[in-house]
Amino acid sequence: MSKKDQSRQLIKSHAEELFDDHPILILCWATGCGKTINAINLQSRMNSKKTFICVAEIAHIQNWQDEYIKHGYEHLLESTEIFCYASLKRYKDKSCDLLVLDEMHHFSSDNRIDLLSTIKYNAIIGLSATISIYDRIDFTTTFSKPTINLITLEMAIDMELIPKPVVNIMLLDLNNTAKTETIEFKRGKNIKEIHCDYLQRNTYIYAKSKYPTLNLIIHCTQQEKYDYIEAEYNRAAMYKRTGWLRYGSIRKKYLADCKTQALKELCNQLKEKRFICFCGSIEQAEVLGGANAIHSKKDAKKVLERFNSYEINSLFTIGMLAEGQNLPGIEVAIIGQLDGGERPFIQKTGRGLRADFPEVYILAFRNTKDMDYLKNVTENIPSEYIKHI
């Protein structure tokens, strides 16, 4: 028996022992360790007569059903209801033997917590690749203090549950030569446009007496536009203006959009591999992926079916598929834009960690907020897995 098979049997047995004595259990396991099949195994072990499984997205329902069939547990589907957290209101005050919370951090909203607290159960299993202290507090408050079984990414690699990944970091520079960008500054309505260079902007913006109304088109480089957005963000944050978070979103989307060409070139280099590319916007996903793009305005099921049947080898998405999906034959995960938190990064990289030789590509701009995000998400990754290219 290989070390991988031994490790799988070990974590299965350990989960069974824990669940026998602690029916309120959280499996906080790195992606690729088998959270889904082990939850199904525990359902079979306790001989649950009625099982509720909450999932984050409709696409995850099929993923669970496939796991039951793949591992010979299809008979359990007759006593299992799989539904989205968004549909919890239909299960208010209902009862089950086993309640499973897939990607359990999704239950942490006031409305969902209230609805879940009405469900009667004999046992509960929470599943997640990463849980925060706030998730634990919400879980304990809603249900009871859980027993947490933890398998980190590093532990999973040591146990050979997943192979050693290569995390490729591509550092980019915003263009600060060509005036390819524009910034629009408006004061008042229905005013004739005035065009100026970035360095001339304050001549108009701060001359309120001379320009009480203004429709200014500022021509600038990528770096200058980023500096402008960053300054507006910092100013709004300093004075706690309502636009603070809005500027944060604008900054994030702009950095993502500036990576479109680099992503296009990278995806072209990787065209012989099966990969998923996480984009920064629907527009970017469409530009890069075309028919292979998945987002909220498109039928994801059809695109996924084409990928899972090996009709296509690439997927382009902005947030969907970051969690709870098994993508057969996936070799590479490309992250076009980082988030502030560690969880989205772990979920996205997890899509590429099921390959025999997994690779992750992260694109980040020097001298921008990207570098803070990059430091935050890579500080727990052993340096031996990181490669700068």
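I started at Q284, which sits in helix 11 (residues 282-289); helices here are DSSP runs of H or I with at least four residues, strands are E runs of at least two, and both are numbered from the N terminus. The model is a predicted one, where local features need pLDDT of at least 70, side-chain atom pairs count only at pLDDT 80 or more, and totals for chains, interfaces and linings use all residues. Residues are numbered from 1 along each chain as its sequence is written, and side-chain values use heavy atoms, with hydrogens and water left out.

**Entry 1: Q284**

Is Q284 buried or exposed? I found Q284 buried, because its relative accessibility is 2% (buried is under 20% relative accessible area, exposed over 50%, partly exposed in between, with a 1.4 Å probe and protein chains only). I then followed its side chain to the backbone nitrogen of G280, at 2.8 Å. Leaving out residues up to four places away in sequence, I listed A256, D257, K259, T260, L263 and C279 as touching Q284 (contact means heavy atoms within 4.5 Å).

Next I looked up an open sheet of six strands, with order 3-2-4-5-1-6 and parallel pairing (two strands pair if DSSP finds at least two bridges between them). Strand 3 (80-84) and strand 6 (147-151) are its edge strands, each pairing on one side only. From one strand to the next I read an average twist of 15 degrees (axes are lines fitted to C-alpha atoms, for helices over the stretch in contact, and angles run from 0 to 180 degrees between N-to-C directions).

I noted four bridges between strand 2 (residues 51-55) and strand 4 (residues 98-101), which run parallel; C54 has L101 as its bridge partner in strand 4. Helix 3 (residues 58-70) packs on this sheet, touching strands 2, 3, 4 and 5 (123-128), and its direction makes about 155 degrees with that of strand 3.

Which residues form the covered face of strand 6? They are T147, N149 and I151, while I148 and L150 make up the uncovered face.

Last, I turned to an open sheet of three strands, ordered 8-10-9 with mixed pairing. Strand 8 (181-187) and strand 9 (193-197) each have a single partner strand, so one side of each lacks a neighbour in the sheet. Strands 9 and 10 (residues 214-220) run parallel and are joined by five bridges, with L216 as the partner of I194. Helix 8 (residues 222-238) lies across strands 8 and 10, at about 35 degrees to strand 8.

Terms used:
A polar contact is a pair of N or O atoms within 3.5 Å; within protein, one must be able to donate a hydrogen and the other to accept it, and residues adjacent in sequence count only if both atoms are side-chain atoms.
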